[in-house]
Amino acid sequence: MRGERQTDSGPGKRARLRAAIAVAAFAALLIGLFAGQPDDLYLWIKALHIIAVISWMAALLYMPRLFIYHTDAAPGSEQSETFKMMEQRLLKVIMNPAMMISWVLGLYLAWSVYGFVGGWLHAKILCVFLLTLVHVHFSRAVRAFQRDENRRDARFWRLMNEAPTLLMIAIVILVVVKPF
């Protein structure tokens, strides 16, 4: 393994395997929690939801930074190929699983705790939907960069870097303050 670069296929396969093991462990924990029905199930689900959201946000905040640097790399260059690998792994290994887990656990909490009632909850779900649209936009950008077809400049990606931040601020305020 000495001398193996992170852009080689081996590290990518190992990263996917570690991600699959982590998702399987997460699923096993959830199944165990639902099967055992502990008195503090709500707190466990809430904690796991927060962990998934933090992971999703970290990826959403990092991806446009990669795009900013990738725009400066010449298509086909070694640097460009490295960014392609980083973007692909971030999307597949962290961003997609974290988004799915965030949605599933969040909807479970919205249903089981709040019965989908509350203006703040509806506004939060709208913001999470908008965050998901940002995720989809970034996913499409990863595919465009993979094909060397990015048409956006670094300034655009700097602005897009703010979208997840603004939505996160709104979501946190809605959840904590419940203003309406």
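**Exercise 1. Work out whether Phe116 is buried, partly exposed or exposed, and say where Phe116 sits.**

Step 1: Buried means under 20% relative accessible area, exposed means over 50%, and partly exposed is in between, using a 1.4 Å probe and protein chains only.

Step 2: apply them. Phe116 has 34% relative accessibility, so Phe116 counts as partly exposed.

Step 3: Phe116 lies in the loop between α3 and α4. Helices are DSSP runs of H or I with at least four residues, strands are runs of E with at least two, and both are numbered from the N terminus.

Step 4: look at the backbone. Phi of Phe116 is near 60 degrees, a positive value in a residue other than glycine. For context, most residues other than glycine have a negative phi.

Before you go on, keep in mind that this is a predicted model: local features need pLDDT of at least 70, side-chain atom pairs count only at pLDDT 80 or more, and totals for chains, interfaces and linings use all residues. Residues are numbered from 1 along each chain as its sequence is written, and side-chain values use heavy atoms, with hydrogens and water left out.

**Exercise 2. Describe the overall layout of the protein chain.**

Step 1: list the elements. The protein chain has six helices and zero strands, running α-α-α-α-α-α from the N terminus on.

Step 2: get the dimensions. Along its principal axes, the C-alpha trace spans about 55 × 40 × 20 Å.

Step 3: check burial. Of the 180 residues in the protein chain, 37% are buried.

**Exercise 3. Find the salt bridges and say which residues form a network.**

Step 1: set the rule. A salt bridge is a side-chain nitrogen of Lys or Arg within 4 Å of a carboxyl oxygen of Asp or Glu. A search of the whole structure turns up three of them.

Step 2: start in helix α3. Glu81 pairs with Lys84, and their closest N and O atoms are 2.9 Å apart. Glu81 and Lys84 are separated by about one helical turn because they are three residues apart in helix α3. Lys84 is buried, since its relative accessible area is 6%, whereas Glu81 counts as partly exposed at 36%.

Step 3: follow Lys84 to its other partner. Asp148 and Lys84 meet in a salt bridge at 3.0 Å, N to O. This pair links distant parts of the chain: Asp148 is in the loop between α4 and α5 (154-160), Lys84 is in helix α3, and they are 64 residues apart. Asp148 is partly exposed at 35% relative accessibility.

Step 4: Arg147 and Glu149 meet at 2.9 Å, N to O. Arg147 is partly exposed at 47%, and Glu149 is partly exposed too, at 36%. Shared partners join Glu81, Lys84 and Asp148 into one network.

**Exercise 4. Characterise the largest pocket: which residues lie nearest its centre, and which element gives the most to its lining?**

Step 1: know what counts. On a 1 Å grid over the protein atoms alone, a pocket is an open set of points where a 1.4 Å probe fits, with protein on both sides within 12 Å along at least five of seven lines; lining residues have an atom within 4 Å of a point.

Step 2: take the volume, about 710 Å³, which is the space filled by probe spheres set on the points.

Step 3: name the lining. There are 27 lining residues, and His49, Val53, Lys124, Ile171 and Val175 lie nearest the centre. The elements giving two or more residues are α2 (41-71), α3, α4 (119-146) and α6 (162-177). α2 gives the most, with eight residues.
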